[in-house]
Amino acid sequence: MMKVEVVSPERVLFSGSATQVITRTESGGEIAFLPGHTSFLGVLTENHTRIFLEDGKVQDVAVHGGFVEAAGDHVTILSSNAELAGDIDVARARAAKERAETAMRGEHDAVVEADLRRAQARLSATGALGND
Ligand code: ATP
C-alpha cells in the first residue's frame, strides 16, 4: 500500500491509500508506481492519471503537468492544474477539444497542442474520449 497525494499550491485534491499509480512523464512516457518503487522525481505531461484504490476502484485524475515524487511507500503529484474525474465538465472539454482541433487545421503551435492535450486528458479521465 502507498500513501498517494495529488496537491496544488492551493489545496489537496486527493489523499488516500493506493496499490498502484499510473501517470505520464515528459521523458519516460507512461510510468506505473507500485509499493516498494525506487525513489523517483519526474516532470509530468498532460495526462490521465489512474490511482488504483485499496477497494479495487480507480480514481481517475486529469493532470496537466507538474511533478511526481515517489518512493517506496508514497507517490506525490504536485500540479497547479489538475481535476478529479468527477469534477470535469465533459461538454466543456469536448468544446475545448473541437476548438483546438479546428485551430490545428491552420497553423500548428505549441499552445494549441497543449490545449488539445489538456482536453484529451480530461476526456480520457472521464471515459469520454472517442465518444464524440
Ligand atoms: P477551456 O478552454 O474550456 O477554458 P482550458 O484547457 O483552457 O479549458 P485551463 O486553462 O486548463 O482550461 O484551466 C482553467 C481552469 O478551468 C482550471 O481551474 C481548470 O481546472 C478548469 N477547467 C478547465 N476545463 C475544465 C473542464 N472541462 N471541467 C472542469 N474544470 C475545467
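A: What follows covers the interface between the domains, and then some sites away from that interface.

The model is predicted. Its protein chain is divided into domain 1, residues 2-85, and domain 2, residues 87-126. Taken over C-alpha atoms, the centres of domain 1 and domain 2 are separated by 22 Å.

The size of an interface is often given as the accessible area lost when the parts come together. Here domain 1 and domain 2 bury about 910 Å² between them. Carbon and sulfur atoms account for 53% of that area. On the domain 1 side, the residues that lose the most area to domain 2 are Glu46, His48 and Ala85. Together these three make up 48% of what that side buries. Counted by contacts, 13 residues of domain 1 are in contact with 10 residues of domain 2.

Charged pairs also occur at this interface: two salt bridges are found across domain 1 and domain 2. As for Glu46, its side chain meets that of Arg117 in a salt bridge, with an N to O distance of 2.7 Å.

Next, a surface patch. Leu41, Val43, Phe67 and Leu78 make a nonpolar patch of about 390 Å². One of these residues, Leu78, lies in strand β6, which runs over residues 74-78. Leu78 counts as partly exposed because its relative accessible area is 42%, between the limits of 20% and 50%.

Two loop residues complete the picture. Ser8 sits in the loop between β1 (2-7) and β2 (12-25). With a relative accessibility of 19%, Ser8 counts as buried, because the cut-off for that class is under 20%. Leaving aside neighbours within four places in sequence, Ser8 is in contact with Ser79 and Ser80.

His37 is placed in the loop between β3 (29-33) and β4 (40-53). Not counting residues up to four places away in sequence, His37 touches Ala32, Ala71 and Gly72. From His37 to Arg94 the distance is 36 Å, C-alpha to C-alpha, and the two are 57 residues apart in sequence.

Note on methods:
Residues numbered from 1 in each chain as written. Predicted model: local features only at pLDDT ≥ 70, side-chain atom pairs only at ≥ 80, totals over all residues. Heavy atoms only, no water. Patch = residues over 30% accessible without salt bridge, like charges linked within 9 Å, V, L, I, M, F, W, Y side chains within 5 Å. Areas by Shrake-Rupley, 256 points an atom, 1.4 Å probe, with all protein chains shown as cover. Salt bridge = Lys/Arg side-chain N within 4 Å of Asp/Glu carboxyl O. Helix = DSSP H or I, 4+ residues; strand = E, 2+ residues; numbered from the N terminus. Buried < 20%, exposed > 50% of the residue type's maximum accessible area, 1.4 Å probe, protein only. Domains from an automatic or database assignment. Contact = heavy atoms within 4.5 Å. Buried area = accessible area lost by both parts, 1.4 Å probe.
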